[in-house]
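Here is a short report on a protein model. Please keep the sequence and the coordinates in view while reading.

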Amino acid sequence: MSRPAATAWSRLRRSPSAMISLGVVLLYVFAAVGTEVYAAWCESNHVIPVYQQPDDTARYAPPSPEHWLGTDYQGRDVLLRAIAGSATAVKVGVIASLIAAVIGVALGAAAGFYGGKFDDAVVWAYSTFASMPTLLFILAFALLVSRNFLSPGMMHAAELLGSVLRAEPGMLAVYLAIGITGWVTLCRVVRAETMRLKTMPFVSAARVAGVGSAVIIRRHILPNVFHLVIIYFTLSFAGAIMLEVIVSYLGFGVQSAPSWGVMISDGQERLWRGIWWEIAAATGFMFVLVLALNVLGDSLRDALDPRQRTL
């Protein structure tokens with residue numbers, strides 16, 4: 001581990017809330033990975049996953065020792081479905097945040113370093129995306145993909161990518177739409193930081209030594225903005241999860257796989273009958289993960305950027 005990374009880890013370990021949040025996030029990640037592996041095994045062996053198995057004799061069963069968080073309208077265990085829903089949430093957070101991070105870092109670093117007309121074009125691009133209603137864009141994009149409104153070639157590419165990511169067309173659209181709209185903030189920050197870094201003595205020395213611009217960006221600029229990427233990734237992870245829940249709740253996201261948004265949508269129809277446990281489980285699981293990600297993001301900001309610490 002490099003010295004800056006070791007120093008940041010040392011600062012992070014001194015925060016009990018940060019370590020608890022990190023443990024909670026890792027617990028969700030392990031649950032998501034386990035669910036994906038189990039779902040792949042069930043698919044290859046033509047077995048219905050346990051969280052998808054209906055039981056007509058146990059419909060709407062309240063929380064009990066047999067079903068800790070009750071059952072839904074098909075008699076499926078709500079706790080198991082809520083745990084399985086973490087796979088959808090984590091996949092959306094990771095994939096969408098990665099897409100946004102790659103676009104934001106690439107455009108922000110290039111615009112800040114080269115300036116000129118390229119910088120003007122990038123500023124125009126992120127200003128345009130920033131003015132677009134994010135949720136409406138995601139819904140429109142999901143509608144295009146999930147309702148087969150794209151050209152045959154684009155639909156074939158979407159189906160191929162969906163098979164690789166084990167995602168339905170609607171969820172694939174959510175991944176791409178959140179990633180395409182989520183790069184603006186990071187691009188702005190990286191661009192501003194790159195403009196500051198390119199005036200530093202070590203960059204000037206590299207120029208004098210004849211080092212190319214691409215090498216300077218890779219060796220001197222990107223390592224110095226990496227802490228911003230980590231912080232942004234953690235916080236955008238939480239935002240992507242909440243957007244996925246909203247889109248799935250509206251019926252444009254995941255359809256067959258467990259999702260907290262779908263659970264909330266299903267549960268609201270029976271809330272007036274006192275059947276509250278499905279909404280409570282989905283909301284509770286989402287709240288704990290989003291809260292942990294936000295706390296961890298704030299702690300990472302303090303640990304990775306010494307200027308944010310209270311001396």
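Ile 138 is buried, because its relative accessibility is 0%. The model is a predicted one. Ile 138 sits in helix H5, which covers residues 134-146. Setting aside neighbours within four places in sequence, its contacts are Ala 177, Ile 178, Thr 181, Leu 243 and Val 247. Val 47 is another matter: Ile 138 and Val 47 lie 91 residues apart in sequence, and their C-alpha atoms are 33 Å apart in space.

Leu 144 also belongs to helix H5. Leu 144 is partly exposed, with a relative accessible area of 35%. From Leu 144 to Met 155 the separation is eleven residues in sequence and 9.8 Å in space, C-alpha to C-alpha.

**Overall picture**

The protein has twelve helices and zero strands. Read from the N terminus, the order of elements is α-α-α-α-α-α-α-α-α-α-α-α. The C-alpha trace spans about 75 × 50 × 40 Å along its principal axes. Of the 311 residues in the protein, 44% are buried.

**Helix pairs**

| Pair | Axis separation | Crossing angle |
|---|---|---|
| H7 (residues 169-181) and H10 (residues 213-249) | 11 Å | about 140° |
| H3 (residues 78-114) and H12 (residues 277-304) | within 10 Å | roughly 40° |
| H8 (residues 184-197) and H10 | within 10 Å | roughly 155° |

Take H7 and H10. Helix H7 packs on helix H10 at an angle of about 140°, with the axes 11 Å apart. That angle makes H7 oblique to H10. The crossing of H7 and H10 is right-handed. From H7, the contact draws on Met 171, Val 174 and Ile 178. From H10, it draws on Ala 240, Leu 243, Glu 244, Val 247 and Ser 248. The residues of this contact divide into six nonpolar, one polar and one charged. Ile 178 of H7 takes part in the contact with H10, as do Leu 243 and Val 247 of H10. Ile 178, Leu 243 and Val 247 are also among the contacts of Ile 138.

What is the relation between H8 and H10: roughly parallel or roughly antiparallel? Their axes come within 10 Å and cross at roughly 155°. H8 and H10 are therefore roughly antiparallel to each other, since the angle is over 145 degrees. The crossing of H8 and H10 is right-handed. H8 supplies Leu 186, Val 189, Glu 193, Thr 194 and Leu 197 to the contact. H10 supplies Ile 221, Asn 224, Val 225, Leu 228, Val 229 and Tyr 232. By type, the residues of the H8 contact with H10 are eight nonpolar, two polar and one charged.

Now H3 and H12. Their axes come within 10 Å and cross at roughly 40°. That makes H3 oblique to H12. H3 passes H12 in a right-handed crossing. On the H3 side, the contact is made by Val 78, Leu 79, Ala 82, Ile 83 and Ala 89. On the H12 side, it is made by Trp 277, Glu 278, Ala 281, Phe 285 and Leu 289. The residues of the H3 contact with H12 divide into nine nonpolar, no polar and one charged.

**The loop between H2 and H3**

Helix H2 covers 16-44, and His 46 is found in the loop between H2 and H3. Phi of His 46 is near 55°, a positive value in a residue other than glycine. His 46 is exposed, with a relative accessible area of 75%. Tyr 60 is found in the loop between H2 and H3. Tyr 60 is not a glycine, yet its phi is positive, at about 60°.

**Cysteines**

A disulfide is a covalent bond between the sulfur atoms of two cysteines. How many disulfides does the count give? The count comes to zero disulfides, with a pair of cysteine sulfur atoms within 2.5 Å as the cut-off. Cys 42 is buried, with a relative accessible area of 1%. Cys 187 counts as buried, at 0% relative accessibility.

Terms used:
Residues numbered from 1 in each chain as written. Predicted model: local features only at pLDDT ≥ 70, side-chain atom pairs only at ≥ 80, totals over all residues. Heavy atoms only, no water. Axes fitted to C-alpha atoms, helices over the stretch in contact; angles between N-to-C directions. Helix = DSSP H or I, 4+ residues; strand = E, 2+ residues; numbered from the N terminus. Parallel < 35°, antiparallel > 145°, perpendicular 65-115°, else oblique. Left-handed = near helix turned anticlockwise from the far one by under 90°. Contact = heavy atoms within 4.5 Å. Nonpolar A, V, L, I, M, F, W, Y, C, P; charged D, E, K, R; others polar. Buried < 20%, exposed > 50% of the residue type's maximum accessible area, 1.4 Å probe, protein only.
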